[in-house]
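Here is a short report on one protein model. Look over the sequence and the fold, then read on.

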Amino acid sequence: MDAESVRKFCLSLPHVTEDVQWRSDLLFRIGNKMFAVVALDASSDHRMSFKCTPEVFAELTEREGIVPAPYVARYHWVALERFDALPERELKELLKTAYQLILEKLPRKSRAQLEPPERSGKRTRKKR
């Protein structure tokens with residue numbers, strides 16, 4: 001994957017927004033909370049970082065090309081030194097997990113605003 005394919009994938013997840021912050025970082029958010037960051041500056045030490053579970057954090061940081069993310073490692077964020085540090089399929093699954101972890105931590109009111117409105121209580125029957 002590269003920065004553009006990560007961008008397309010993250011934006012394909014429901015209610016994700018993107019924003020450039022700190023001059024050269026592309027942030028992906030759900031409910032105004034970050035779940036992944038891509039470095040836009042080619043001279044950066046890291047290509048991207050994302051949130052993960054404590055268990056996955058411990059496993060990933062043992063792999064070559066993956067390190068604890070600066071400033072946010074205590075919240076179980078990892079940083080990829082290069083995009084090919086993980087296979088595409090695995091990276092996509094980890095990004096989905098990062099998204100879900102942040103979504104689940106959002107306050108109830110914020111989550112409710114992201115969910116589609118409930119139907120009027122009427123159930124529709126399938127035609128046979």
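## The largest pocket

By class, 12 nonpolar, four polar and four charged residues make up the lining of the largest pocket. Ala, Val, Leu, Ile, Met, Phe, Trp, Tyr, Cys and Pro count here as nonpolar, Asp, Glu, Lys and Arg as charged, and the others, Gly among them, as polar. A pocket is an open set of points on a 1 Å grid over the protein atoms alone, where a 1.4 Å probe fits, with protein on both sides within 12 Å along at least five of seven lines; lining residues have an atom within 4 Å of a point.

The lining numbers 20 residues, and Asp25, Val37, Ser49, Pro70 and Tyr71 lie nearest the pocket's centre. β3, β4 and β6 each supply at least two lining residues. β3 gives the most, with four. The space in this pocket is about 450 Å³, a volume being the space filled by probe spheres set on the points, which are joined across faces, edges and corners.

## Basis of the model

This is a predicted model: local features need pLDDT of at least 70, side-chain atom pairs count only at pLDDT 80 or more, and totals for chains, interfaces and linings use all residues. Residues are numbered from 1 along each chain as its sequence is written, and side-chain values use heavy atoms, with hydrogens and water left out.

## Strand β6 and its partners

Strands (E, at least two residues) and helices (H or I, at least four) are DSSP runs, numbered from the N terminus. Two strands pair if DSSP finds at least two bridges between them. β6 pairs with β4 in the antiparallel sense over four bridges. β5 (residues 66-68) also pairs with β6 in the antiparallel sense, over three bridges. Ala79 in β6 stands opposite Ser49 and is the bridge partner of Val67.

Both faces of β6 are covered. Trp77 and Ala79 are buried on one side, Val78 and Leu80 on the other. Buried means under 20% relative accessible area (1.4 Å probe, protein chains only).

## Nonpolar cores

A nonpolar core is a set of buried Ala, Val, Leu, Ile, Met, Phe, Trp, Tyr and Cys residues joined through side-chain atoms within 4.5 Å. The largest has 31 residues, and Phe35, Met48, Phe50 and Leu95 touch the most other members. Elements that each supply at least two residues include α1 (3-12), β3 (33-39) and α3 (88-105). α3 gives the most to this core, with seven residues. Apart from it lies another core of five residues, among them Leu27, Ala69, Trp77 and Ala79.

Note on methods:
Buried < 20%, exposed > 50% of the residue type's maximum accessible area, 1.4 Å probe, protein only.
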